[in-house]
There are 2 protein chains.
Amino acid sequence: MWYSNVIVLSEMISYYDISGCYILRPWSYKIWDLMQQWINNKIYKLGVENCYFPLFVSKDRLEKEKDHVEGFAPEVAWVTKSGDTDLKEQIAIRPTSETIMYPAFSDWIKSHRDLPLKLNQWSNVVRWEFKDPTPFLRSREFLWQEGHTAHATFEEADSMVMAALDLYKKVYQDLLCVPVIPGYKTNKEKFAGGHQTTTVEAYIPMNGRAIQGATSHNLGQNFGKMFDIKFQDEKGESKIVWQTSWGLTTRTIGVMVMVHGDDKGLVMPPRVSPLQAVIVPILSKKLTMENANPYCISILEDLESQGLRAKYDDRSMYNPGWKYNHWEQKGVPIRIEVGPTDIEKNQVRVVIRYNGEKIDLPVADLGVYIKDKLEDIHKAMFEKAVTERDEHVVKVTEWKDFVPTLEKKNLVLTPWCGPEFEEWEEWVKKTSREESLKNRGEEFEEDTTATSVAAKTLCIPFDQPELPEGTMCIASGKPASCWVLWGRSY
Amino acid sequence: MWYSNVIVLSEMISYYDISGCYILRPWSYKIWDLMQQWINNKIYKLGVENCYFPLFVSKDRLEKEKDHVEGFAPEVAWVTKSGDTDLKEQIAIRPTSETIMYPAFSDWIKSHRDLPLKLNQWSNVVRWEFKDPTPFLRSREFLWQEGHTAHATFEEADSMVMAALDLYKKVYQDLLCVPVIPGYKTNKEKFAGGHQTTTVEAYIPMNGRAIQGATSHNLGQNFGKMFDIKFQDEKGESKIVWQTSWGLTTRTIGVMVMVHGDDKGLVMPPRVSPLQAVIVPILSKKLTMENANPYCISILEDLESQGLRAKYDDRSMYNPGWKYNHWEQKGVPIRIEVGPTDIEKNQVRVVIRYNGEKIDLPVADLGVYIKDKLEDIHKAMFEKAVTERDEHVVKVTEWKDFVPTLEKKNLVLTPWCGPEFEEWEEWVKKTSREESLKNRGEEFEEDTTATSVAAKTLCIPFDQPELPEGTMCIASGKPASCWVLWGRSY
């Protein structure tokens with residue numbers, strides 16, 4: 001399979017002997033590290049502070065919010081022993097930290113003076129899923145940040161929800177060159193125990209699937225009531241806080257790989273690439289390491305002085321061809337080749353990973369040129385992904401066109417009776433699956449949870465096309481209240 | 001108890017409903033964050049790359065290195081269930097990651113070209129200890145970094161061990177103002193499964209106890225043999241790698257609190273304090289918020305332009321006295337008071353947390369002054385801690401003086417037959433405990449593991465005093481081969 005080959009050969013991932021757990025090697029972890037720095041900088045400006053809560057949660061607390069625990073219970077990993085001794089009470093490993101954090105919120109928040117409270121943590125969480133695990137996209141342990149805030153009003157909470165979602169949109173678009181569609185989740189797909197979930201949804205060209213990029217939840221007062229998080233307002237009245245939570249995971253890296261990769265391997269978006277440029281000397285009788293070194297090192301210094309992440313690959317045990325292949329597989333945006341003629345002419349050959357472009361350039365001001373070029377590459381990669389995505393978001397207003405459109409690797413935008421009609425959402429999921437399997441001549445199986453060919457709602461996009469009066473829902477035939485986006489999803 | 005009051009009131013820690021687990025609030029997490037940035041920067045220069053390995057380890061792998069598993073087995077937390085389903089095989093939560101990482105090392109390392117391999121990860125680990133847990137100092141889950149490297153020769157590995165230990169010494173001394181004594185652990189106290197352990201040991205003045213600051217292990221070839229980590233050297237011969245591992249935990253924060261804190265609360269070392277200076281306006285009829293604001297904001301901007309972490313506490317719902325107390329409790333190194341007279345005279349009053357010094361200063365060039373002053377405070381806090389520590393490291397050459405010296409809140413430096421004589425180390429532990437309890441008129445209990453009054457070896461300091469010929473070991477009476485440091489330890 002292309003994906004697992006690419007992430008292994010590029011040294012992003014190594015497989016591990018426990019199913020659903022993976023090793024993030026430096027080549028992928030560095031991307032996460034760069035995203036962390038970027039996000040920390042942004043959330044700091046939103047008044048959010050980092051902290052760390054425990055990995056473990058007691059059974060009592062985990063089960064306090066009923067809808068919440070129902071959503072997570074089947075996937076919870078339980079610790080029952082230490083050494084050879086059984087624990088008196090089993091304890092859960094966090095699948096998410098609402099029930100871990102909110103009892104503390106209840107202790108800390110007494111007065112309107114204590115609000116808003118805005119916290120974030122970077123941590124590992126465990127969801128023992130039985131769907132096929134895939135590195136980055138669906139793993140049993142994954143890394144994420146989770147933001148948790150409490151506010152005096154619904155409006156304040158909602159604007160936090162939107163600020164977090166906007167941040168996630170920027171992570172995808174401004175860092176990873178991946179366009180996303182922001183919108184609301186339907187009731188059926190929202191966060192267990194929350195009031196409303198917003199999401200950014202991405203499109204994977206190679207298989208036409210959708211993938212949830214990140215979510216930001218307006219929790220309303222549900223958790224506040226369960227965990228008794230009250231404050232005295234300015235009039236001395238006791239009120240329940242309004243809360244949000246929002247998370248972005250290492251899934252981002254997998255989405256980036258799938259959207260941009262090609263036959264040669266990774267194609268890294270410049271802003272998060274662990275290395276942005278690599279210098280390869282073409283050694284021969286005409287060009288010894290001794291002669292190449294000063295030339296290449298001065299290029300390296302020029303690049304670094306522009307704040308770029310660059311490397312001079314001076315290893316003598318590998319030939320240039322091996323190195324080209326190695327760094328192409330790893331997706332480094334720019335390769336700088338230095339041969340004997342280049343040195344004579346005081347130039348270099350620049351090779352662009354994402355489109356194979358080759359340019360001969362003078363070494364003077366090379367750093368400045370490369371810095372600008374990386375920004376051009378960012379824009380071009382993003383534009384390309386937008387075009388590809390836009391071609392595959394198709395409006396459908398009659399059910400007969402739904403599955404055929406889906407089959408052509410499209411996401412489908414349809415009129416919809418509304419996010420509260422879960423039974424019709426279920427109907428679409430089931431019916432799209434049946435029709436797809438019939439088209440393929442496969443037997444229809446009873447298991448309606450299989451997501452391989454069923455369409456599910458991705459979101460009700462914030463950006464709604466016009467909805468002419470009298471438009472009917474594609475499924476129920478009731479009057480439509482909005483457009484909803486469907487897809488075969490990860 | 002002073003310690004738990006201080007860490008709770010300063011908003012560093014909140015207690016949690018699972019024993020041995022604690023909440024690191026922003027006021028402590030920020031310190032960890034600053035230490036992370038500093039360490040990442042340093043290890044990057046040592047060629048170490050960050051990565052992330054799984055939280056879980058299978059029973060098979062955990063038990064592969066026999067001495068290693070013996071050291072950790074009683075403290076391992078086991079996951080046996082997901083949801084309501086029993087796992088086929090129980091899996092352990094990492095107490096440390098040697099057995100998680102080294103099978104991958106075996107896959108990745110084939111040739112001398114793949115060496116050295118230098119990795120680090122920032123993660124949480126779990127050791128389900130039954131000793132009294134204490135926030136930061138001994139918790140069941142804690143945060144740390146763990147470095148793991150593989151080398152072609154013993155010498156290269158050993159120089160990595162020393163480079164990591166030197167880094168830890170600098171973390172304590174250059175960031176936390178805590179002097180440490182570097183040295184070798186005895187065989188009895190070394191890392192389970194390793195060849196040799198180096199350590200930095202700190203002294204806690206308030207109770208005269210020692211505490212292990214951080215350790216760096218030369219693993220020799222033990223793990224390499226067990227996990228079959230081989231490489232072809234330049235002659236084509238198959239060799240086993242030489243390995244190191246080294247870790248520093250959130251314990252550092254607790255040590256810092258204990259060494260510097262006073263009756264008013266925390267005293268923060270300037271280089272890691274989340275805030276280095278706080279500006280408090282003294283509002284009254286003579287000085288309204290409107291008048292204070294521009295004056296204080298321009299001071300804040302001046303401080304920030306010097307790269308300082310500063311805050312203007314403009315909250316109107318608290319009076320200055322409350323604020324002084326609040327920021328003193330949190331240990332902020334410098335308070336800048338702004339009253340009506342200060343504004344008239346174009347000055348401020350600067351109050352130093354660690355010694356209470358008060359200085360009236362013109363606002364011109366205040367930022368530069370504060371920046372320098374913070375460095376002075378760093379030096380003074382470190383000097384003070386060195387003096388206090390030095391007064392309490394006492395040489396003892398006769399056993400009769402050992403326990404009486406220990407009782408006076410001292411660490412004890414004695415001549416010693418050698419790190420291989422574990423039986424005499426055990427004898428000192430047992431005998432020092434018996435004598436101490438006798439002195440207190442308490443019953444001698446059989447449990448010799450209790451560390452409350454027993455002395456144990458801290459390290460064989462690198463910096464060895466002269467050892468005159470004919471000096472005898474204080475315990476065995478055999479000829480001494482070195483000086484060893486003893487203490488009542490955490």
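Q: What do the buried residues of helix 10 of chain A pack against?
A: They pack against helix 1 (2-9), helix 2 (26-45), strand 15 (277-281), strand 16 (310-312) and strand 17 (334-338) of chain A. Contact here is heavy atoms within 4.5 Å. Helices (H or I, at least four residues) and strands (E, at least two) are DSSP runs, numbered from the N terminus.

Q: And the ground rules?
A: This is a predicted model, where local features need pLDDT of at least 70 and side-chain atom pairs count only at pLDDT 80 or more, while totals for chains, interfaces and linings use all residues. Residues are numbered from 1 along each chain as its sequence is written, chains are lettered from A and ligands numbered from 1 in the order in which they are written, and side-chain values use heavy atoms, with hydrogens and water left out.

Q: Back to helix 10 of chain A: how many of its residues are buried?
A: 7 of the 10 residues in 320-329 are buried, so helix 10 is largely enclosed by the rest of the structure. Buried means under 20% relative accessible area, exposed means over 50%, and partly exposed is in between (1.4 Å probe, protein chains only).

Q: Which ones are buried?
A: A:Pro320, A:Lys323, A:Tyr324, A:His326, A:Trp327, A:Glu328 and A:Gln329.

Q: What caps the N-terminal end of helix 10 of chain A?
A: A:Asn319 does, with a side-chain oxygen 3.1 Å from the backbone nitrogen of A:Gly321. For polar contacts the rule is a pair of N or O atoms within 3.5 Å; within protein one must be able to donate a hydrogen and the other to accept it, and residues adjacent in sequence count only if both atoms are side-chain atoms. After the helix comes A:Gly331, with a positive phi near 80 degrees.

Q: What's B:Val79 paired with in strand 6 of chain B?
A: Its bridge partner is B:Ile91. Strand 5 (residues 77-82) and strand 6 of chain B pair antiparallel over 4 bridges. They form a hairpin with 2 residues between them, and B:Gly83 in the turn has a positive phi of about 55 degrees. Strands count as paired if DSSP finds at least two bridges between them.

Q: What else does strand 6 of chain B join?
A: Strand 4 (residues 56-58) of chain B, antiparallel, through 3 bridges. B:Ser58 sits opposite B:Ile91 there.

Q: How many strands form the open sheet in chain B?
A: 11, in the order 3-7-8-14-11-10-9-22-23-21-20, with mixed pairing. Strand 3 (49-50) and strand 20 (393-395) of chain B are at the edges with a single partner strand each, so one side of each has no neighbour in the sheet. Inside that order, strand 11 (residues 209-220) and strand 14 (residues 242-249) of chain B run antiparallel over 5 bridges, with B:Thr215 bridged to B:Gly247.

Q: Where is the cis peptide bond of B:Pro116?
A: From B:Leu115 to B:Pro116, with omega near -10 degrees. B:Pro116 is in the loop between helix 5 and strand 7 (117-126) of chain B. The bond from A:Leu115 to A:Pro116 is cis as well, with omega near -10 degrees.

Q: Helix 5 of chain B, mostly covered or mostly open?
A: Mostly covered: 10 of its 11 residues (98-108) are buried, including B:Met101, B:Phe105 and B:Trp108.

Q: What is phi of B:Cys177?
A: Near 60 degrees, which is positive in a residue other than glycine. B:Cys177 lies in the loop between helix 6 (154-175) and strand 9 (181-184) of chain B, and counts as buried at 0% relative accessibility.

Q: And A:Lys409, buried or partly exposed?
A: Partly exposed, at 38% relative accessibility. A:Lys409 has a positive phi of about 55 degrees although it is not a glycine, and is found in the loop between helix 13 (402-407) and strand 21 (411-416) of chain A.
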